[in-house]
Each structure stands twice: as C-alpha cells, then as structure tokens.
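Keep the sequence and the model in view while reading.

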Amino acid sequence: MPPALVWFRRDLRLSDHPALLAACEAAGPEGTVVPLFVVDPRLWEPSGPPRREFLRNCLADLREQTGGALVIRSGDPARLVPDLVRETGAGSVHVSADAGVYGRARDTAVEQALGGVALVRTGSPYGVTPGRLTKDDGTPFKVYSPFARAWRARGLHGPAPRPDDVPWAAGLAPGDLPPAQDLGGTVLPAAGERAGRDAWAQFRDQRLLGYASARNTPGADGTSRLSAHLKYGTVHPRTLSAEAQRLGEDHSEAVDKFVGELIWRDFYADVLWHRPETAREPFNPQMTAMEYDTGPVADEHFAAWAQGRTGYPIVDAGMRQLHGEAYVHNRVRMVVASFLVKDLHVDWRRGARYFLDHLVDGDLASNHHGWQWVAGTGTDPSPYYRVFNPTRQGQQFDPDGAYVRRWIPELRDVPDRYVHEPWTAPGGPPEGYPAPIVDHAEERQVALARYQAVRGA
C-alpha cells in the first residue's frame with residue numbers, strides 16, 4: 001500500500017483525531033503515515049507573536065509525539081502538499097475539514113493541484129461541523145438559542161480512539177520549526193496536546209463544579225483557560241463535552257454552562273460558514289451606516305484604550321491582562337469592547353483586529369462575532385440601548401478589586417470603595433494613574449443617539 005499523508009492544521013494532537021485514523025486505515029497494516037504541517041504565510045504573517053509562539057510550541061510537542069517524524073514546510077500549501085505527495089508516493093491526503101473563509105479556498109486549490117490523489121476530509125475542529133445544522137426550512141440559524149437546542153438535540157459522536165501505534169514514515173527531511181517570537185514579557189500557557197489535556201483535567205477536577213457562577217468573576221480562577229488549546233486543536237470539543245457530561249447530576253448546571261460555551265464556538269463558526277463577509281462587515285447590513293469617530297482624537301482614545309490607561313479600572317485591567325497573558329477574561333472582553341465602541345465610538349473592526357494581533361486564542365469567527373455582538377451589529381446583538389457601565393461592571397463582578405489590583409499596581413493601595421472609581425477618592429486617582437478620559441454617562445447618550453439614527457434610517 002502507498003503511504004498516506006496526514007496534513008495537520010488546527011488539530012495538533014493524536015487523540016480523538018478522525019483524520020489521523022482515516023490515514024492509518026488508508027495506509028494499511030504494511031504502510032506508513034506521513035505527518036505534515038505547512039507554515040502558510042497567508043496565516044502566519046497576519047498572526048501576532050503570541051499565536052505564532054504558541055503554534056511553534058504546539059508543533060514542537062507534536063514532533064516529539066510523532067517520534068521526530070513531523071515534516072514541517074513553509075510556503076504555499078498548493079505547491080508544498082503535492083510536492084510531498086510526489087516525493088513520498090502517498091496515495092491520499094487526509095485532513096480535518098476547514099470551515100474558515102481562507103481555509104476552504106486553500107483546500108480547493110490544494111485539491112486541484114493534487115490531480116488524481118484524493119484530499120480526504122474527515123471530521124473538523126468543531127463539535128458539529130459548520131453548515132451541518134439548519135432550521136427546518138433548510139436555512140441557517142441566525143440566533144444562538146435555537147441553534148443550541150438543535151445542537152443539543154443532535155448530540156455528538158463519542159471521541160475517536162487514539163491509535164495504538166502509528167507507523168510514521170521515516171527518512172524525510174523534517175524541516176525547521178517556525179522562528180521563535182519575541183513576546184516582550186508576555187507569558188503564554190504551556191502548549192501542545194499534553195498541556196491541553198493537563199489543563200482540561202485540572203479544570204474538570206478542581207473548578208468545573210463552580211463554573212456556573214465563577215466564570216463571571218475575573219479575579220477568581222474560575223474559567224477553563226482552554227481557548228488557545230481549542231483554537232489549535234490540542235484538545236477537541238467532543239472530548240471535553242463527553243468527559244464533562246459523564247460527571248453526573250452533581251455537576252449538571254456547571255456542565256450545561258460549560259457545554260453552552262462550546263456551542264457558542266460552533267455557532268459563530270457556523271455563522272461565518274454561511275456569511276463569510278461578516279469577517280469584515282456587519283452581520284446586520286443596516287448597521288453599516290453606524291457613525292464612528294476617526295481622526296487624531298479617536299486615535300488618542302484608541303491608544304489609551306490599548307495601553308490600559310483610560311482611567312476606568314476594569315477596562316484598563318483587561319487591556320493590561322491582554323498584554324501580560326495574551327488573554328482576557330470573557331466577561332472583561334465584553335466590557336472593554338463595549339467601552340471602545342460605545343464610550344469611545346471607535347469602529348468595532350479596529351478593536352477586533354487589535355485583539356487578533358495580541359490574543360493567543362485569537363479565532364476569527366469567535367473574536368469578530370463576539371465584537372459584533374457587543375457593537376450591536378451581529379447575531380443575537382446586545383440591545384442597542386445596552387451600554388456596559390464599566391464602573392458597575394467592576395463593582396458587580398470584581399467586588400473586592402482582586403482583578404484590578406492584580407493588573408494595575410497603581411491601584412493596589414486604594415481602598416475597596418474607591419478601587420473601581422478612583423477619581424472619587426480623596427485627592428483623586430493615585431499618582432501615575434489617569435483620570436477618566438471620557439465621561440461614561442455623556443458618551444452613553446452619544447452612542448444611543450447614533451444607534452437611534454441608524455434604526456430610524
């Protein structure tokens with residue numbers, strides 16, 4: 001039997017990997033499997049240093065797991081994949097289906113370049129492959145809740161077994177790992193399949209039971225912190241869902257909330273599948289007319305937001321966490337996004353792009369549609385009149401100021417009653433910390449007037 005080639009992309013693991021199993025089956029008992037990763041400039045260059053470095057570390061782990069057999073090539077996949085097929089005599093190329101806008105076009109180009117060699121798509125990085133769930137009339141879902149009901153009713157297949165002993169092909173030039181990145185002090189989570197499994201096991205055993213309530217408290221270690229592992233596929237959501245739901249009734253509320261977050265990830269990928277233009281434009285075309293600020297003042301406001309110097313502690317803590325860990329707590333992501341769009345009146349696309357540049361878990365579908373939700377331009381939009389009050393959000397979800405004090409050392413000695421509004425403390429904000437750059441109440445009215453103008457158009 002000719003070798004089979006497995007082309008890894010957002011599935012950097014060996015467990016619960018249907019495409020790898022398909023490659024093993026295609027190779028047969030006497031054949032070999034060629035593992036390949038292509039560093040594609042179209043994906044590498046737009047990624048910020050955190051995503052690049054995490055990917056690099058995932059590849060190092062995968063190369064170790066394949067006994068050094070992982071082949072790494074850099075360049076255009078439409079040229080490099082067929083080249084390796086010819087070099088090895090592979091009879092088929094196996095992948096997890098890519099639902100992304102670019103990924104689908106890339107795979108079509110590779111498929112055409114392969115000539116008579118099959119590109120076999122088995123599984124995907126999602127619980128339910130984008131495009132599979134539709135309403136009864138065959139149209140795509142536009143709202144999360146009915147999508148979630150359909151997702152839960154459909155259920156997921158059980159995790160695929162890990163192959164006992166993959167006959168990796170030997171003797172090929174392995175190629176170099178991508179270059180290491182200068183993170184400027186940003187601390188990333190451990191990468192790779194082992195790290196992903198360890199992170200999941202720790203969350204499952206220690207924090208899942210309290211997830212329903214703790215997930216909204218940024219000062220507590222209450223979330224799974226698995227988003228980067230899901231982004232690069234060092235764990236599969238099918239594995240997480242299956243293991244979580246085996247925990248029983250004592251965990252039912254927490255499991256339901258956790259699985260709901262996996263469904264949100266699938267939902268946004270499904271939206272992008274059906275509406276690829278929403279990576280650049282509002283899901284709701286009416287919102288294209290929304291007025292945003294531009295010019296020097298808007299640029300100054302954006303810089304203050306990006307640097308964590310707006311004078312609103314919960315916003316600034318979130319942006320400083322972004323630079324410190326390449327990650328932001330989900331509740332705080334909504335707060336900082338709302339502040340940029342509705343207090344500073346900056347186009348959501350500018351914030352979404354900044355997040356992708358700096359997040360280790362930056363995922364186009366989840367990131368951009370999350371921003372659209374906050375901006376009121378997307379699916380399930382936050383009602384146009386809902387403008388997150390950054391002070392109240394901090395007081396409600398970080399009542400003791402633990403999150404703020406962790407990321408803003410200037411406020412560590414401020415009493416609790418002033419930690420979320422330090423401008424009200426005797427003498428004003430402590431030295432080194434700015435006063436608010438805008439008045440939230442005033443900017444809320446500006447945002448509402450602009451939304452009303454669009455709605456009335």
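Helix α14 (residues 330–343) meets helix α19 (residues 440–456) with their axes within 9 Å and a crossing angle of roughly 70°. Helices here are DSSP runs (H or I, at least four residues), strands likewise (E, at least two), and both are numbered from the N terminus. Axes are lines fitted to C-alpha atoms, for helices over the stretch in contact, with angles from 0 to 180 degrees between N-to-C directions. α14 and α19 are therefore roughly perpendicular to each other. On the α14 side, the contact (heavy atoms within 4.5 Å) is made by Val341, Lys342 and Asp343. On the α19 side, His440, Glu443, Ala447 and Tyr451 take part. By class, this contact of α14 with α19 has three nonpolar, one polar and three charged residues. Ala, Val, Leu, Ile, Met, Phe, Trp, Tyr, Cys and Pro count as nonpolar; Asp, Glu, Lys and Arg count as charged; the others, Gly among them, count as polar.

The model is predicted: local features need pLDDT of at least 70, side-chain atom pairs count only at pLDDT 80 or more, and totals for chains, interfaces and linings use all residues. Residues are numbered from 1 along each chain as its sequence is written, and side-chain values use heavy atoms, with hydrogens and water left out.

The axes of α11 and α16 lie 8 Å apart, at an angle of about 90°. α11 and α16 are therefore roughly perpendicular to each other. From α11 come Arg265, Tyr268, Ala269, Val271 and Leu272. From α16 come Leu364, Ala365, Ser366, His369, Gly370 and Trp373. The contact of α11 with α16 counts seven nonpolar, three polar and one charged residue.

Next come the spaces. On a 1 Å grid over the protein atoms alone, a cavity is a set of points where a 1.4 Å probe fits but cannot get out. A pocket is an open set with protein on both sides within 12 Å along at least five of seven lines, and lining residues have an atom within 4 Å of a point. Grid points are joined across faces, edges and corners; a volume is the space filled by probe spheres set on the points.

| Space | Volume | Lining by class |
|---|---|---|
| Largest pocket | about 1200 Å³ | 17 nonpolar, 10 polar, 11 charged |
| Second largest pocket | about 980 Å³ | 21 nonpolar, five polar, 12 charged |
| Largest cavity | about 40 Å³ | two nonpolar, one polar, four charged |

The largest pocket is lined by 38 residues, and Glu261, Trp264, Asn330, Arg333 and Ser366 are the closest to its centre.

Other elements that supply at least two include β2 (33–39), α3 (49–65) and α15 (348–358).

One cavity reaches 30 Å³ or more. The largest cavity is lined by Arg9, Arg10, Asp11, Ser96, Ala97, Asp98 and Pro125.

Overall, the protein chain has 19 helices and five strands. Its radius of gyration, taken over C-alpha atoms, is 23 Å, close to the 23 Å that the globule rule (2.2 Å times the number of residues to the power 0.38) gives for 457 residues, so the chain is as compact as a globular protein of that length. The C-alpha trace spans about 80 × 50 × 50 Å along its principal axes.

Note on methods:
Angles under 35 degrees count as roughly parallel, over 145 as roughly antiparallel, 65 to 115 as roughly perpendicular and the rest as oblique.
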